[in-house]
Amino acid sequence: MSRGVPTRLLTVTAAALAAAVGVPGVASSADAAGMPLTDEMARTYGLDWIPHIDPRDLPPERAVTCLVDSGVSVTPLLPPDGPAGPVIERNSVFSDGDGTGGSSWAEQHGTRMAEFATAVWPATRILSYRAMPRGSEVFPAGAYERGLERCRKDVDRHRVVVAQLSLGCACALSGEDLSRLEDSVDTAVERGIAVIAAAGNNAGSPEPAAGIAGVLPAVA
């Protein structure tokens, strides 16, 4: 078995995520309403240059991003689950079913990723899967695979078009782990899911999932 997955190298650009998901009927930011986005989320991330899109102008059935990370907490920027988003469901790959983030810095990574994604593209809808055990600060070896499996199962239920694996480990997966992950990626791609994975925040070899054929690597 490969060792646990520390959370120090986890960031994936939400800009790539937003471009991959898209929103039917909104061709570009230039086509959106011209009012600047001035809410707290945009100001927090210095993104108030993004045109404002009135929620009433959004199509009701927008594509969904499946975020596999440390869970997403309920915050003023990320209200409780709702079909309109930004977070439609908070789930867990574990039997506890609790998909919220914990209190530590590592356990809040998924929350920060969700806030950043929705700041970059306010029309984002996120289906979150917590892949970090409660009270831990590392991901288990099978976190990639287990998360992708959940994302695949939700393709029809939630029109998932992107799986974002915001996990990093700076380690080598065992041959068996890597083979299973490659099969999982292939199956996800066959179901029409674009798989994006953290390549790491440092120079050097990419994180394990980011180096697999068919995966779009992304960096901070």
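The paragraphs below go through a predicted model of a protein, from its overall make-up to single residues. Local features need pLDDT of at least 70 and side-chain atom pairs count only at pLDDT 80 or more, while totals for chains, interfaces and linings use all residues. Residues are numbered from 1 along each chain as its sequence is written, and side-chain values use heavy atoms, with hydrogens and water left out.

The secondary structure consists of six helices and eight strands. Here helices (H or I, at least four residues) and strands (E, at least two) are DSSP runs, numbered from the N terminus. Along the sequence they follow the pattern β-α-α-β-β-α-β-β-α-α-β-α-β-β. Of the 220 residues, 54% count as buried, where buried means under 20% relative accessible area, exposed over 50%, and partly exposed in between (1.4 Å probe, protein chains only). The accessible surface comes to about 9,700 Å², and carbon and sulfur atoms account for 55% of that area. These areas come from the Shrake-Rupley method with a 1.4 Å probe; for residues, only the protein chains shown count as cover. A contact means heavy atoms within 4.5 Å. Among contacts between residues at least 6 apart in sequence, 77% join residues at least 24 apart.

Helix H3 covers residues 109-120. The expected span of a helix is 1.5 Å times one less than its number of residues. Ten of the twelve residues are buried, so H3 is largely enclosed by the rest of the structure. The buried residues of H3 include His109, Gly110, Thr111, Met113 and Ala114, and also among them are Glu115, Ala117, Thr118, Ala119 and Val120. The charged end of Arg112 sits over the ring of Trp105, 4.1 Å from its centre. The criterion is that NZ of Lys or CZ of Arg is within 6 Å of the ring centre and within 35 degrees of the ring normal.

The whole structure holds one disulfide, defined as a pair of cysteine sulfur atoms within 2.5 Å. The disulfide joins Cys66 to Cys151, with an S to S distance of 2.1 Å. The pair links distant parts of the chain: Cys66 lies in strand S2 (residues 64-69) and Cys151 in helix H4 (residues 143-153), 85 residues apart. The torsion about the S-S bond is about -80 degrees, so the disulfide is left-handed. Cys66 is buried at 0% relative accessibility, and Cys151 is likewise buried at 0%.

Several loop residues remain. Pro86 is placed in the loop between S2 and strand S3 (87-92), and the peptide bond from Gly85 to Pro86 is cis, with omega near 5 degrees. Arg159 is found in the loop between helix H5 (155-158) and strand S6 (160-165). Although Arg159 is not a glycine, it has a positive phi of about 50 degrees. Its relative accessibility of 38% makes Arg159 partly exposed.

Asp96 belongs to the loop between S3 and H3 and is partly exposed, with a relative accessible area of 43%. Leaving aside its neighbours within four places in sequence, Asp96 is in contact with Arg130 and Arg134. Asp96 and Pro133 are 37 residues apart in sequence and 9.4 Å apart in space, C-alpha to C-alpha.
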